[in-house]
Amino acid sequence: MIPEFLVYALLCGLGVALVAGPLGAFVVWRRLAYFGDTLAHSALLGAALGVMLEIHPLLAVAATSLVIAVALVALQTQPQLASDTLLGILSHGTLALGLVCASLVADTRIDLWGLLFGDLLTASHADLIAIYAVAAVVLLVLWIFWRPLVFATLDETLAQVEGVPTARLRLLLMALIALVVALAMKVVGVLLITALLIIPAATSRRFSRSPEIMAVGAALLGMGAVIGGLCFSYWVDTPAGPSIVLTASLLFAFSLLLPARS
Amino acid sequence: MSLPSDNTLIACDHVSWRRDGTQVLQDVSFTIAPGEIVTLIGPNGAGKTSLVNLVIGLAQPGSGRVWRRPKLRLGYMPQHLRFDSTLPLSVERFLRLATQDRAALNLYCERLGVSALLSKQLQSLSGGELQRVLLTRAVLRRPQLLVLDEPTQGVDVLGQADLYRQIAELRDELGCGVLMVSHDLHLVMAKTDTVICLNRHICCHGAPESVARHPEYLQLFGKQAEAIAVYTHHHDHAHDLHGDVVKPHPHHDHSNCTHP
């Protein structure tokens with residue numbers, strides 16, 4: 001018999017992996033890995049602010065990530081600095097601010113280890129509902145805007161000429177990534193969120209001949225990593241989040257041994 | 001300016017544009033009518049791509065006005081496709097982003113010789129193949145105005161002449177206007193209605209025959225133009241042309257030029 005906490009952990013992890021797959025594909029296509037990292041680091045600040053202001057952590061993290069995403073878009077109009085420099089500033093600035101805020105809050109109320117590396121095994125019924133509700137919204141939005149999103153990802157200029165609202169789509173995608181970062185924090189923690197986005201998508205790329213196959217493949221591979229990682233974590237007694245990311249990495253390494261399609 | 005007539009797709013009216021404090025385009029005026037092939041020529045840095053960007057709405061003029069026919073359907077063939085090789089996409093899928101009409105897709109793929117490429121991945125195409133796919137895509141939009149930024153990049157010389165011939169045929173068939181940036185002077189001259197010789201401002205403008213004789217054109221393109229003028233004007237008096245072309249410093253009025 002599987003213990004109840006493990007069932008919740010498994011379902012929560014699967015829900016996040018399901019949505020991280022397709023979104024991760026966009027992160028890979030648009031080279032947003034470092035952007036995802038920045039949002040992930042700012043999630044710690046969000047969590048600390050959530051405790052300070054007594055807001056639900058998911059909401060606090062999502063809101064903080066959104067603000068950071070908008071700040072980044074605004075900063076990118078500065079021609080003097082490249083975006084990776086700006087991302088580096090935002091990323092580490094917010095991580096430092098988050099750590100300082102976390103230390104200011106009475107230490108018993110913040111589980112820093114859990115924030116940094118995830119605490120999937122403490123997932124509750126409420127977490128499960130929140131994760132699936134947000135995942136459903138994100139997947140629905142992706143479904144509706146799939147075609148223009150893929151087109152704008154392919155070539156933003158061409159899409160813009162043909163009347164696709166590329167700037168708004170970019171903002172939409174950033175908002176979706178912010179939401180998923182908030183979800184994934186529970187599963188793998190701040191430091192490993194980007195891994196959950198890009199590793200399954202990168203693995204899937206090797207076997208895909210269309211964007212849809214790559215997105216679905218990434219979701220399936222991510223879910224496989226959650227199952228494998230949790231089993232490993234349960235039997236060998238290792239932390240769940242790192243075990244999941246390790247499994248995803250092993251899947252990627254294994255995929256390199258197989259012949260690529262396309 | 002007076003309101004553009006019904007028979008106008010694009011009207012640029014004294015358009016100027018600056019980038020980072022540098023004047024890229026100055027006081028540019030021209031129109032494009034349906035069925036007209038307008039070719040932009042000019043040296044590197046003359047502002048050809050900038051002017052295209054203004055016409056298709058990717059940039060806004062600093063002063064002056066770019067008028068587009070309301071709801072103008074554009075088919076744009078960019079100089080490059082900036083896609084990332086991490087995005088797996090077949091040629092067929094790429095073309096279906098432009099149209100859902102399978103019959104039209106098959107028809108134009110056949111005509112432009114890309115049928116055999118449909119199942120290939122976009123990133124596996126050669127430069128010339130990609131240009132053809134991009135042209136097909138632009139045509140599939142059933143454009144009223146076809147905008148082509150250096151359509152023959154990466155295409156060999158034989159393919160270039162072929163491509164220009166096809167562009168002229170597509171113009172006849174679709175009745176669309178064509179705005180094209182080109183470097184292939186002699187090939188373009190034969191298949192175009194209007195030539196705009198651009199060097200930050202419009203140096204000269206008109207039918208290929210008159211532009212090819214224009215002193216500023218000859219000054220910009222020098223020796224290269226010599227061969228072309230002969231090529232396109234075999235019907236003219238060789239004597240006259242010869243006199244125009246070989247003169248090292250032709251007498252002409254430079255009053256509207258700001259470049260040295």
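This is a predicted model: local features need pLDDT of at least 70, side-chain atom pairs count only at pLDDT 80 or more; totals for chains, interfaces and linings use all residues.
User: How many residues of chain B touch chain A?
Analyst: There are 17 on the chain B side, in contact with 18 residues of chain A. On the chain B side they split into 11 nonpolar, three polar and three charged.

User: Switching to helix H1 of chain A. Which residues does H1(A) cover, and at what angle does H1(A) pack on H8(A)?
Analyst: H1(A) runs over residues 4-29, and H8(A) over residues 166-188. The two pack at an angle of about 145 degrees, and their axes are 10 Å apart. The crossing is left-handed.

User: Which residues make the contact?
Analyst: From H1(A), they include A:Cys12, A:Gly13, A:Val16 and A:Phe26. From H8(A), they include A:Leu173, A:Ile177, A:Val180 and A:Lys186. Taken together, the residues of this contact divide into 14 nonpolar, one polar and one charged.

User: Where is the kink in H1(A)?
Analyst: At A:Gly21, shortly before the proline A:Pro22. The kink is about 35 degrees.

User: What span should H1(A) have, and what do its ends give?
Analyst: At 1.5 Å a residue, the 26 residues should span 38 Å. The end C-alpha atoms are 38 Å apart, so the two agree.

User: Is H1(A) mostly covered or mostly open?
Analyst: Mostly covered, with 20 of its 26 residues buried. After the helix comes A:Arg31, whose phi is positive, near 55 degrees.

User: Which other residue of chain A has a positive phi near 55 degrees?
Analyst: A:Glu54, and that is a residue other than glycine. A:Glu54 sits in the loop between helix H2 (33-53) and helix H3 (57-75) of chain A.

User: Why is A:Glu54 called exposed?
Analyst: Because A:Glu54 has 8 C-beta neighbours inside 10 Å, and a residue with 12 or fewer counts as exposed.

User: Now chain B. How many helices and strands?
Analyst: Nine helices and nine strands. Chain B has 260 residues, of which 41% count as buried. Among its contacts with a separation of 6 or more, 68% come from residues 24 or more positions apart.

User: Which residues of H1(B) are buried?
Analyst: B:Lys48, B:Ser50, B:Leu51, B:Val52, B:Leu54 and B:Val55. That is six of the eight residues in this helix, which runs over residues 48-55. Just after H1(B), B:Gly57 has a positive phi of about 85 degrees.

User: What about B:Val188, buried or exposed?
Analyst: B:Val188 is buried, because 24 other C-beta atoms lie within 10 Å and the cut-off is 20 or more. B:Val188 belongs to helix H6 (residues 185-190) of chain B.

User: What is B:Val188 in contact with, beyond neighbours within four places in sequence?
Analyst: B:Thr39, B:Tyr164 and B:Ser182.

User: Last one: where is B:Lys71?
Analyst: In the loop between S4 and strand S5 (74-77) of chain B. Phi of B:Lys71 is positive, near 60 degrees. B:Lys71 is exposed, with 6 other C-beta atoms within 10 Å.

Definitions and conventions. Residues are numbered from 1 along each chain as its sequence is written. Chains are lettered from A and ligands numbered from 1 in the order in which they are written. Two residues are in contact if their C-beta atoms, placed from the backbone, lie within 7 Å. Ala, Val, Leu, Ile, Met, Phe, Trp, Tyr, Cys and Pro count as nonpolar, Asp, Glu, Lys and Arg as charged, and the others, Gly among them, as polar. Helices (H or I, at least four residues) and strands (E, at least two) are DSSP runs, numbered from the N terminus. Axes are lines fitted to C-alpha atoms, for helices over the stretch in contact, and angles run from 0 to 180 degrees between N-to-C directions. A crossing is left-handed if the near helix is turned anticlockwise from the far one by less than a right angle, and right-handed if clockwise. The expected span of a helix is 1.5 Å times one less than its number of residues. The bend at a residue is the angle between axes fitted to the seven residues ending there and the seven starting there.
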